[in-house]
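Good morning, colleagues. Please look at the model on the screen while I take you through a few of its contacts.

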Amino acid sequence: VPITLEVANVRLTERTELAVYTWWRDITSSDAQWDAIVDEGINTFGVILEGPLEYELDAEGKLIGQVQFDSDLERLARAQNRSGGYVLLEWYFRPGAPIAKSTSREGDFVFMTSAWKRAFAALAREIHRYFETRGVPRDRLLHYLFDETLGDHFVETAKFVRSVDPTYRIFANGGGDIDTFKRAAPYVDVWCPHVQHIGYMAQDGRLDFLRSTGKSIWIYDEGYHQRADLPYVKYRLKSWL
């Protein structure tokens, strides 16, 4: 079958202010693999914090010794330095939001007890110190507290994050009615509604409210079946939305 191809004489910029994220987060991958995803335009990266940290806390939630960071995290920091994008610090709190007393997971601190608060504050400060000393600006670190949750636990936890340090930034991909968004709004720096919700949110006033906050608005699709999507859906429709 004869094929005619016309190549436009256009060179895309090496960096974009758009956050371009994929759920790929394998910090053990090689330097070449990290370079490849940055070359492809990915500039925002996630790390699930339970994995690459080793720590121990006493009964009051105070650190015993130093937090040990997996050396593979260096690749994530370098990818951010090169791309200028964001790092999502994925706490992924479970219902009730406990914090493990150590990486051995022998016991948990109960949500919002004084020990839980000390533990969270200590770990958050150490994580910030690690990335910031490796050149990741504070405004590029986003605390991803809960996944797809924007209720009472989110608001209470986000409020506490602000009390630990008012410059810590918070990411929210949960949904709800407009009152739920309004309660969360003082503590959210990046909104990230699901792509399938955008149309409804535009109709009922929720999207206008998100715009009114002046915060960044991203969209996401968990994409378990994206391999079967039409190219139009994957590459055009979502960008247009």
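Asp39 is exposed, with a relative accessibility of 54% (exposed means over 50% relative accessible area, buried under 20%, partly exposed in between, with a 1.4 Å probe and protein chains only). This is a predicted model, in which local features need pLDDT of at least 70 and side-chain atom pairs count only at pLDDT 80 or more, while totals for chains, interfaces and linings use all residues. Residues are numbered from 1 along each chain as its sequence is written, and side-chain values use heavy atoms, with hydrogens and water left out.

Which residue forms a salt bridge with Asp39? The partner is Arg82, and the closest N and O atoms are 2.1 Å apart; a salt bridge is a side-chain nitrogen of Lys or Arg within 4 Å of a carboxyl oxygen of Asp or Glu. Because Asp39 lies in helix H1 and Arg82 in helix H2, the pair ties together parts that are 43 residues apart in sequence (helices are DSSP runs of H or I with at least four residues, numbered from the N terminus). Arg82 is partly exposed at 40% relative accessibility.

A salt bridge also joins the side chains of Asp31 and Arg78, at 3.1 Å from N to O. Asp31 belongs to helix H1 and Arg78 to helix H2, so this pair links parts 47 residues apart in sequence. Asp31 is partly exposed, at 40% relative accessible area, and Arg78 is partly exposed at 42%.

Elsewhere, Glu132 and Arg138 meet through their side chains in a salt bridge of 2.9 Å, N to O. The structure holds 15 salt bridges.

Notes:
Helix = DSSP H or I, 4+ residues; strand = E, 2+ residues; numbered from the N terminus.
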